[in-house]
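Please keep the view open as you read.

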Amino acid sequence: MLCLHTIYVFLYIRHNKFILKKIITNDWCITFKFEIILLTEFKGYTSATSCHTMKILVCITNVPDTTAKITFTDNDTKLNKAGVQYIIGPYDDYALARAVELKEQLGGSVTVLHVGEADADPQIRKALAIGADDAIRVNTDPVDSYYTAVQIAHIASENKYDLILMGRESIDFNSGVVHGLVGEMLGIPSYSPVMKLEINGTTATIAREIDGGKETLTASLPLVLGCQEPISEWKIPNMRGIMTARTKPLVVAEPVSVEEMTTPEKFSLPAPKGACKMIPASEAETLIKLLRTEAKVL
Amino acid sequence: MSVLIFIELDNGSVKKTSLEAVAYGAEVARLTGTTATVLALGKADAAELERIGNFGATKVLHAADEKLSHENSLAYADVLAQAVEKENSKIIIISKSGLGDAVAARASAKLKAGIVSGVTDLPVINGGFSVKRSIYTGKAFSVVEIKSDIKILVVKKNAIEATEGSGTATVETFTPVLRDSDFLASVGQIEKASSELSLTEADIIVSGGRGMKGPENWQPLLDFAKSLGAATGCSKPVSDLDWRPHHEHIGQTGIKVAPNLYIACGISGAIQHLAGVNGSKYIVVINKDPEAPFFKAADYGIVGDIFEVLPKLTKAVQDLK
Ligand SMILES: Cc1cc2nc3c(=O)[nH]c(=O)nc-3n(C[C@H](O)[C@H](O)[C@H](O)COP(=O)(O)OP(=O)(O)OC[C@H]3O[C@@H](n4cnc5c(N)ncnc54)[C@H](O)[C@@H]3O)c2cc1C
């Protein structure tokens, strides 16, 4: 392939000012592309296809470990972070693993994106150690899915990724809506939960979980996909990965402003469970009687 | 101004979780002094659409275009946004599922509507509009105020007791504009165990873990499930080992279920498994290890060998009939 890169001149309006954003030069292929991005309007998203290799964006969450005990402080308005271990969201970890495999197979690049504060940096470095090339952190404390999606769509519209991968849901708020929001904001298709992903040129073959089964789809890039197992297997960083991750670029970007949609008010915990009624194995049939007469569920 | 409820159809019938969403939407309509309208897409049985009236909605918009019979979140969100405009709706209710979340998300971005997914209770409306939602995979709740003009609530199973009353809903044909760009993906193979009861809809689930020892031992569990009219599920290692299909995997990284009765057979009760079942009304645990952590989350427990206990339970259920 003769042309390796495309020259982009990004112009965008922020606070009513035009800002010259980025110029990448290359001596093989010269294309100029002007575009105007209005804060939350990203329609007309296309990834630069014929002239470049695959660019993948993987969005990761920074969430309490699945075994974390959840409690709250500040009059139940904040999560008590004391003693809580943070991890890359397990679903995002699958997305990342698949992205790294696709890069190994097809070339191109993997960028990790996190919308959140600096305490996520160790998890971002871990993603770099697993095999991402660079990272972007949008420095903010996101208020809700909509807010997060606007930040992701903004970064995506600047950098034109062919594939935007993330987990099917975060394990802190379990909304499962960010991929759909980002897809709609960019005006491109989104699919979830994706359990198989193959890329052939500019076409993706996807297996998606549906109620009680799965369905296979083929669709053209660019796409936003919410991932889950068995799309890949979680990767553990090796020593070389950990060493190189230290020097890979982690760009900190400032958030764009978003109108307020929702405000969290208060957290609470479920009522504690009562004692478990034990039934001797020799009288197992008693269980069925109790389920009918006491619990009234049969 | 009516409350708009998006429902899911399965081969012409309204899904049970969607009927719950209708009941929820009708209650929100009552609280806000308006009516409830249902949006039904694709192939639907006429009797099923009329039955919606029994759950409190007074109108059904039916977009019957054959292209909408196949699940397509892009097109569904487009049609939903058009229905919102037609009805001038400010509140949209959708039941939580993979499809529900996808439709809600895309509609939210189209309509600039605040979205809350995982709602577990009716909204509190006094000046503001607040909803309670499940977070940290069932380990906690959060109350959230929605500030936007249009609001989307994605509602969890059991957020409301849906009882079938009697009422009438007028069914109106709705002809939205369908955009070609929503139908670009080509759908290949669909593998669906159509005879099986879906886990998210089931009232009773019998689930097996690594204690079942191998796929060849599942028959007693299947027999027991059949006697109860229950759906079957499993723990993550069981689906990882291919003992059972992936869509049966329950837990943090699998399906989250909220049946009336969850029966765990040979599952230790790791926190990641519990995260998928903590919405169940009653939990029964059968495990040979009295120290298995699952007993702490259970309502009824039997310490014993699963292969001795299951046939006894199946017989006891059959004796009830
Ligand atoms: C990030 C993350 C996400 C995860 N997500 C999930 C998830 O979504 N779902 C999930 O299930 N797991 C999940 N796991 C795995 C989880 O931690 C446990 O490893 C898993 O749930 C254990 O499965 P099990 O109970 O079937 O097997 P085991 O833990 O091996 O338990 C088997 C049980 O069977 C009992 N037993 C054995 N023989 C008999 C017998 N003859 N009669 C009666 N009882 C018997 C044993 O006493 C034991 O308690 C996750 C883990 C991580 C780290």
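The paragraphs below cover the interface and then the strands.

This is a predicted model, in which local features need pLDDT of at least 70, side-chain atom pairs count only at pLDDT 80 or more, and totals for chains, interfaces and linings use all residues. Residues are numbered from 1 along each chain as its sequence is written, chains are lettered from A and ligands numbered from 1 in the order in which they are written, and side-chain values use heavy atoms, with hydrogens and water left out.

Start with the interface. Here 81 residues of chain A are in contact with 83 residues of chain B, contact being heavy atoms within 4.5 Å. The two chains bury about 6,900 Å² between them, 56% of it on carbon and sulfur atoms; buried area is the accessible area (1.4 Å probe) that two parts lose on being put together, summed over both. In chain A, the residues that lose the most area to chain B are E184(A), D211(A) and K273(A), together 9% of what that side buries.

Several elements of chain A each supply at least two residues to the side that touches chain B, among them α1 (90-106), β11 (190-200) and α6 (285-293); helices (H or I, at least four residues) and strands (E, at least two) are DSSP runs, numbered from the N terminus.

Strands also link the chains. β17(A) pairs with β18 (residues 300-303) of chain B in the parallel sense over 2 bridges, and K277(A) has Y300(B) as its bridge partner. Two strands pair if DSSP finds at least two bridges between them.

Now move to β9 (residues 128-135) of chain B, where 6 of the 8 residues are buried, that is, under 20% relative accessible area with a 1.4 Å probe, protein chains only. β9(B) pairs in the antiparallel sense with β8 (residues 124-126) of chain B over 3 bridges, and V124(B) stands opposite S130(B). Their hairpin has 1 residue between the strands, and G127(B) in the turn has a positive phi of about 85°. β9(B) also pairs in the antiparallel sense with β10 (residues 140-146) of chain B, over 6 bridges. In that hairpin, with 4 residues between the strands, Y136(B) takes a positive phi near 45°.

Definitions and conventions:
Buried < 20%, exposed > 50% of the residue type's maximum accessible area, 1.4 Å probe, protein only.
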